Amino acid sequence: MDMSFSVHHYALELDYKPHSARLSGRAVLQASCTSLSSFSLSFGPLRISKVLVNGKPARYAHAGGVLNVRAAVRGSFSVEVRYSGTPVPVSTPEWGDLGWDQLTDGSLVASQPIGAPSWFPCLDEPSSKASYLLDVTAPSSYVVVCNGVLVDGKVSGSTTRWTYSMAAPMATYLATVQIGQYVEALPGVWAPARLRRLVAHDFARQNQMIDVFSSLFGPYPFAKYSVVVTDDELDVPVEAQALSTFGSNHVDGRRGSERLVAHELAHQWFGNSVGIASWEHIWLNEGFACYSEWLWSEASGGRSADACAAGAQDLLARLPQDLVIGRPARADWFDDRVYKRGALTLHALRREMGDDSFFALLREWCARNRHGVVTTEDFLALAGHRDLLTRWLFEPALPL
């Protein structure tokens with residue numbers, strides 16, 4: 001990816017027709033550089049009709065998921081791309097299809113880690129954060145839920161235009177658009193009408209989770225938090241900034257997936273506000289979110305974090321110990337061992353430091369790096385205890 005320039009803001013105007021799955025888009029990027037004669041963005045196979053740089057037509061080539069723009073730019077500049085077609089997810093051998101995807105009735109966006117170019121041209125690296133304005137038009141029978149705060153909604157005949165603002169810096173993989181025939185089961189929690197009662201029960205303790213995590217990690221880092229439950233089943237919940245998406249299979253009226261509710265919520269601190277500089281540092285997202293499941297269990301009267309850690313230790317001891325979670329290969333970024341061993345790393349650090357010092361460390365980590373990007377070395381520098389952390393993060397054998 002071309003990192004010789006930076007993008008500060010994305011303004012995306014989208015018009016989506018669920019029944020034909022057709023998307024029309026206009027993306028305006030506000031960017032800056034020192035001096036360039038050309039630059040490139042990641043962008044999938046949607047058909048481009050026009051590219052403008054600083055309001056003037058620019059020459060471009062679009063192939064193989066890359067949009068190359070030939071234009072001389074210096075300092076601050078804008079790029080406008082107009083496009084249309086049927087969005088196709090980015091297909092990967094490791095993680096399946098990523099990005100904009102069709103539901104039985106509606107659509108969702110699940111981009112982690114490299115699916116964002118399926119629906120808008122972007123600088124698709126986790127370290128590249130920008131503010132967003134998401135303007136989506138859809139039939140009025142559908143609800144559109146995006147990152148951030150709903151700032152406008154205009155009904156025009158049979159369609160409604162929904163406008164969301166995400167002022168806090170956001171990585172491209174965390175940008176999302178959720179479209180479906182939803183009702184509000186709880187404030188900020190959207191679901192199909194048939195699941196309303198079950199969703200209202202299963203997500204009823206989410207505000208308590210926010211209070212618990214705010215006390216442990218520091219204030220919730222965004223203006224709002226939303227949840228969408230789709231009418232379709234999903235393999236796993238979908239993380240996005242200030243918004244999480246669950247499948248119908250994640251609600252049962254018995255809070256059977258509440259650990260996942262806690263996991264996705266915790267990502268608002270770890271992964272979304274405190275982002276990672278590159279994917280090799282993924283344990284900083286997933287290890288912290290997995291450990292937050294244990295913290296919620298402990299706080300809500302379930303199994304203690306000690307008991308959760310003992311179970312995870314037993315499980316990992318029976319699995320191959322050939323993974324270095326502090327520097328995993330691409331195929332291992334989302335290996336469950338990264339999640340659980342990352343959580344065990346934090347539990348070992350907590351036992352070494354004691355609760356007061358450990359949670360003070362987490363609050364400082366979140367405050368110091370709010371809306372920024374970090375590396376594993378940054379955490380080691382702040383946390384200390386390098387010998388202990390090195391054993392857990394950089395040696396394959398599971399510490400006893």
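A crossing of two helices is called left-handed if the near helix is turned anticlockwise from the far one by less than a right angle, and right-handed if clockwise. This report applies that term to a predicted model and then turns to strands, loops and annotated regions.

**Helix pairs**

The crossing of α5 and α6 is left-handed. Helix α5 spans residues 305-317 and helix α6 spans residues 336-353; their axes come within 10 Å and cross at roughly 135°. The two helices are therefore oblique to each other. On the α5 side, the contact is made by Ala305, Asp306, Ala309, Ala312, Gln313, Leu315 and Leu316, and on the α6 side by Arg337, Lys340, Arg341, Leu344, His347, Arg350 and Arg351. Sorted by class, these residues comprise six nonpolar, two polar and six charged.

A second pair is formed by α7 and α8. Helix α7 covers residues 355-368 and helix α8 covers residues 376-383, with axes that come within 11 Å and cross at roughly 130°. Because of that angle, α7 is oblique to α8. The crossing of α7 and α8 is right-handed. From α7, the residues Leu361, Glu364, Trp365 and Arg368 take part in the contact, and from α8 the residues Asp378, Phe379, Leu382 and Ala383. Five of the residues in this contact are nonpolar, none is polar and three are charged.

The table sets out the two pairs.

| Helix pair | Axes come within | Crossing angle | Handedness |
|---|---|---|---|
| α5 and α6 | 10 Å | roughly 135° | left-handed |
| α7 and α8 | 11 Å | roughly 130° | right-handed |

Five strands form an open sheet in the order β15-β16-β17-β19-β18, and their pairing is mixed. The edges are β15 (183-186) and β18 (238-240), each of which pairs on one side only. On average, and with direction ignored, neighbouring strands of this sheet are turned by 25° against each other.

Among the paired residues, Glu239 has Ser244 of β19 as its bridge partner. The loop between β18 and β19 contains Ala242. This residue has a positive phi of about 65° although it is not a glycine. Helix α3 (residues 258-266) lies across β18 and β19, and runs at about 150° to β19.

**A hairpin and a cis peptide bond**

Strand β5 (residues 59-63) and strand β6 (residues 66-85) run antiparallel and are joined by five bridges. Arg59 has Arg70 in β6 as its bridge partner. The two strands form a hairpin with two residues between them, and Gly64 in the turn has a positive phi of about 60°.

Elsewhere, Gln112 and Pro113 are joined by a cis peptide bond, with omega of about 0°. Pro113 is located in the loop between β9 (106-110) and β10 (129-139).

**Annotated regions**

An unreviewed UniProt entry gives the annotation "domain: Aminopeptidase N-like N-terminal" for residues 112-174. Over residues 112-174 the chain is 0% helix and 57% strand, with the end C-alpha atoms 7 Å apart.

UniProt also lists residues 206-381 under "domain: Peptidase M1 membrane alanine aminopeptidase", again from an unreviewed entry. Over residues 206-381 the chain is 51% helix and 9% strand, and the end C-alpha atoms are 33 Å apart.

Notes
Residues are numbered from 1 along each chain as its sequence is written. This is a predicted model: local features need pLDDT of at least 70, side-chain atom pairs count only at pLDDT 80 or more; totals for chains, interfaces and linings use all residues. Side-chain values use heavy atoms; hydrogens and water are left out. Axes are lines fitted to C-alpha atoms, for helices over the stretch in contact, and angles run from 0 to 180 degrees between N-to-C directions. Helices (H or I, at least four residues) and strands (E, at least two) are DSSP runs, numbered from the N terminus. Angles under 35 degrees count as roughly parallel, over 145 as roughly antiparallel, 65 to 115 as roughly perpendicular and the rest as oblique. Contact means heavy atoms within 4.5 Å. Ala, Val, Leu, Ile, Met, Phe, Trp, Tyr, Cys and Pro count as nonpolar, Asp, Glu, Lys and Arg as charged, and the others, Gly among them, as polar. Two strands pair if DSSP finds at least two bridges between them. UniProt positions are given in the numbering used here, feature names are shortened, and annotations may be inferred rather than shown by experiment.
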